[in-house]
Number of protein chains: 2
Amino acid sequence: MREVFVGVDLGGTNIKLGCFDGELNLLSKRTIPSRVELGPESIIERIGQNIEKMLSESGLSTKDICAFGIGSPGVMDIEAGVVIAAGNMRFENVPLRQMLSDYLGKPGVLENDANVTCWGEHVLGAGKGVDEMILITLGTGIGSGIIKNGKLVHGFNNNGVEVGHIILYPDGRMCSCGQRGCVEAYASASATAARAKEAVKSGAISSLKKVFEETGDITCKDVYKHVAQGDELAKEISDETAKALALLCVNLLHVIGPKRIVFYGGMNKAGQLLLEPIKKFFNEHIWRLKKEDVEFCSATLGADAGIIGTAALAIHALKEGKIKRQRDVSRIPIAELKKAARAALEERTKAAQPSTETD
Amino acid sequence: MREVFVGVDLGGTNIKLGCFDGELNLLSKRTIPSRVELGPESIIERIGQNIEKMLSESGLSTKDICAFGIGSPGVMDIEAGVVIAAGNMRFENVPLRQMLSDYLGKPGVLENDANVTCWGEHVLGAGKGVDEMILITLGTGIGSGIIKNGKLVHGFNNNGVEVGHIILYPDGRMCSCGQRGCVEAYASASATAARAKEAVKSGAISSLKKVFEETGDITCKDVYKHVAQGDELAKEISDETAKALALLCVNLLHVIGPKRIVFYGGMNKAGQLLLEPIKKFFNEHIWRLKKEDVEFCSATLGADAGIIGTAALAIHALKEGKIKRQRDVSRIPIAELKKAARAALEERTKAAQPSTETD
């Protein structure tokens, strides 16, 4: 009998699924549309059905599953396995872990999406063997995962760590979060593209002007393409991005003390055009009190980091005794998944009540 | 027999000593001059002699000591108990923990000074019962201690967390660390005083001008005194301090997620004149994505926080099994303390060698 670990990586557009053996060898993977408008019961049902199909194609069944990991965007209560709010998933107080557990009859863990990516890169990717690492995701926003002493760091109330909203330029550019001057408002892929567009619109001389005239838009990819072609404005814009990211790294170093900082996400495809200026600005801005030898590098797992990370977290939780192996339990009808999960959750909360601290 | 825990708080000018029982009730305390020019052996000898005197005055002896904690400034290897470098103590690779352990014949722990203050406030002061707290010390510089999940957080290589060197104003004021725009360069007691002096020197209208003319200096205390008296420049200067500290708190919130932020140090005496503007600026600058209910308050233990913190860390280490009770061992002559401690350390390092990971 093969021991299967399932990784589920939720996103607003797609859901990625992966089945792995206990050594994290990929058995099969697939991507399905999220269709968030159908609600969480439908999402869990389609995840479950697809996992069943994937396993049966490999001559396996859900009985072979040891545990699953599921990563989701949003604010969540990780201990309880509940997503409290996730706008792009249309989740509100969804007991996601218990629902999938009820569907599969197997135990699992819930974790936020940036953390699962970080954990994936930590176990198999650019952060392998590094117990002090930070992963910074560069996309529409800037996300992050932090590993300290080999463990994921969570914010208060188990929230994810929000390094994208570190303020670098007080009273600076408006960020979507309502703050001004966040690093995300300067250095995310979207902010980099937005600054280029603003500059071109306001008459700056650049080869990007033609792109804007022809397509009505400038993307972050365009910016780095024109950096490579020697365009000065594109270089200026990308330098501002690199400087903001370098300052973010300086600030993170003083609080977290990472050994390696890994960049992840679409913008990361710019490769050395992104990394080299970050290193340059970091070295220019870091203190002289002692030599800091933090490494900067690109993520290596690409879009699979999330499913690898979630499956790896499931293996980890089993090893650490945080979840226990269980035989198939009787399945709960789809329509009742959410209700049943909530009831189970309430019961657990009630059971936990007497253990209030007596100091 | 009473169980005694000893707390030692090293500073460049004074060394504070405290003897406590197992419930952290103070048995006796005293302050002795550091006289760093006499070297670490002399420091350990005078610490040991004074502890002996304090105990004998209470009808106790070193035999009654269970364990000690010692807090020091500087860069250190906490596991090894060695201060690698501490300029104001003139320490360089001093195996401080082992030296005091050899003198007293008792086990102990070493921790950095900001962390022991933080731990003191955590166990008995403004952070009591709060497992997610940050202590920010405002003095010549800005130091900090972070407690997460009820545990002290250390930087990479066990360094202290250096929130004072978070860059808030890129390319801004020069900091003593070699960076530009650190929060320390704006909001420490020294920086607040320095900004006031600069403004007065450059001709700003202020009641502080008279202070400068009479004393040739303006202190941070002067600034807050004149804020209380309604001076506009002093208010402006103190607002800039509060804004920098508020931005620091915003940034720390996104990375660490504290429930309470405690301010410590001389400048803290300004009380609500310091705290209220910090809260105001924090609320103005924090995001709107979700309500943050972090509390801001002043430390309550004053200068005793360090000895309480170190003694409490000793109790904690004993409870956690990190150190073990031991009967008196034969004392080592003072002159050989450092050499003996180094030899013991080398032996331990050697013994630890075979356990390299085989993964």
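The buried residues of helix H7 of chain B pack against H5, helix H6 (208-215), helix H8 (232-256) and helix H9 (272-285) of chain B. Buried means under 20% relative accessible area, exposed over 50%, and partly exposed in between, with a 1.4 Å probe and protein chains only. Helices (H or I, at least four residues) and strands (E, at least two) are DSSP runs, numbered from the N terminus. This is a predicted model, in which local features need pLDDT of at least 70 and side-chain atom pairs count only at pLDDT 80 or more, while totals for chains, interfaces and linings use all residues. Residues are numbered from 1 along each chain as its sequence is written, chains are lettered from A and ligands numbered from 1 in the order in which they are written, and side-chain values use heavy atoms, with hydrogens and water left out.

The buried residues of H7(B) are Cys220(B), Asp222(B), Val223(B), Tyr224(B), His226(B) and Val227(B). Gly230(B) follows H7(B) and has a positive phi, near 90°.

The axes of H5 (residues 189-201) and H7 (residues 220-228) of chain B come within 8 Å and cross at roughly 65°. Axes are lines fitted to C-alpha atoms, for helices over the stretch in contact, and angles run from 0 to 180 degrees between N-to-C directions. H5(B) and H7(B) are therefore roughly perpendicular to each other. Angles under 35 degrees count as roughly parallel, over 145 as roughly antiparallel, 65 to 115 as roughly perpendicular and the rest as oblique. The crossing of H5(B) past H7(B) is left-handed, meaning that the near helix is turned anticlockwise from the far one by less than a right angle; clockwise is right-handed.

On the H5(B) side, Ala189(B), Thr192(B), Ala193(B) and Ala196(B) meet Cys220(B), Val223(B) and Tyr224(B) of H7(B). Contact means heavy atoms within 4.5 Å.

Leu24(B) lies in the loop between strand S2 (14-20) and strand S3 (26-33) of chain B. Leu24(B) counts as buried, at 12% relative accessibility. Neighbours within four places in sequence aside, Leu24(B) is in contact with Val123(B), Leu124(B), Ile308(B), Ala311(B), Ala312(B) and Ile315(B).

The whole structure holds 0 disulfides over all chains. A disulfide is a pair of cysteine sulfur atoms within 2.5 Å. Cys175(B) is in none; the nearest cysteine sulfur, that of Cys177(B), is 3.8 Å away. Cys175(B) is buried, at a relative accessible area of 7%.
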